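Here are a few notes to read alongside the model.

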Amino acid sequence: MFKIINENFGSLDAVTILNSQHGIELQIINGFGAIINKYIVNNSPFSFICGYENSDELINQNPFYSRSAKLFPFPNRLNNGRYQFNNQTHQLPANFSWSEHAVHGLLYNQAFSVVASSANESEASVTVQYSTQKLHEGFPFAFVLNVTFTIDINGLLTCSTSVQNQGNLTFPFGDAWHPYFYLDTQREDCTLTMPTCLELEHVDDLPNGQKHTFNAFSKGMSLADKNLNNCFEFETNTPINLTLARTDAKACLHYQQDSSYPFIQLYTPTTEQSIAIEPMTCPGDAFNNHIGLLTLEPAQTKTFSWQCQAQYRE
């Protein structure tokens, strides 16, 4: 039987889903960015999603300040924090000391409220919500955003996001997540499989509009000596599937995002052995380059979903 525990993560609100029979633990820090902080299946001695040990590390550590957080209303970078929409110029701050751009949206450090939860023999789910009439002077739009996390007895984790425009003005947006996945080994002992797609070329961390075919991971490839910080586009109306696996077959992760997320950012941090697989509705600077940019009309709702299946053999 699943159970749901509301708890504190230091000074922050958190919620944990547990199933001791199946060795499952899923922790969400809803008090800070709706971060997925822990994802354990089959009593794995590690979390498949890298999190934080304590709230001080979460609040003060850079540059992983947005690790495993919700990124909205834009992912990645916004060029110098400035954009125009409907003949209005908007300015957002450069919010990270290491970049002159606005980075990772505006919700990565915001508090979400738990608005629904349920648990039974086969699965459990928690829904968290962020609602505002005006998130920032540079994004002066009213919206409500709901995120539902569901996990079943097999350890299948599904994350569904819906955003509704609650104002009188249409607004631009992009939606994304920033999870860092880990298999309790060196990256050189892991392989990644990803379908053929388009790689977006970048200049100074921003897309330049050029794309080229990318198929290096289409048949699976070792991550040894791979330094990734790349954005990829998938021209498909079907779900996109990736597999991250240990070469000794002790652990693997089957990842899927539906076609509402047509972009993926892959990133390999230099300070740990994880890999970020980031579902995105658009690439960086979409407010200016309009690549994949979405808009939401008054009262309109849009929904996005991704899921992952972690597997661990003792």
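1. Proline 73 sits in the loop that runs from strand 5 (70-71) to strand 6 (77-78); strands here are DSSP runs of E with at least two residues, numbered from the N terminus. The peptide bond between phenylalanine 72 and proline 73 is cis, with omega at about 5 degrees.

2. Before going on, please keep in mind that this is a predicted model, where local features need pLDDT of at least 70, side-chain atom pairs count only at pLDDT 80 or more, and totals for chains, interfaces and linings use all residues. Residues are numbered from 1 along each chain as its sequence is written, and side-chain values use heavy atoms, with hydrogens and water left out.

3. The loop between strand 5 and strand 6 also holds asparagine 76. Though not a glycine, asparagine 76 has a positive phi of about 60 degrees. Is asparagine 76 buried or exposed? Asparagine 76 is buried, at a relative accessible area of 10% (buried is under 20%, exposed over 50%, partly exposed in between, with a 1.4 Å probe and protein chains only).

4. Asparagine 86 belongs to the loop between strand 7 (82-85) and strand 8 (88-91). Its phi is positive too, near 50 degrees. Asparagine 86 is exposed, with a relative accessible area of 55%.

Key:
Helix = DSSP H or I, 4+ residues; strand = E, 2+ residues; numbered from the N terminus.
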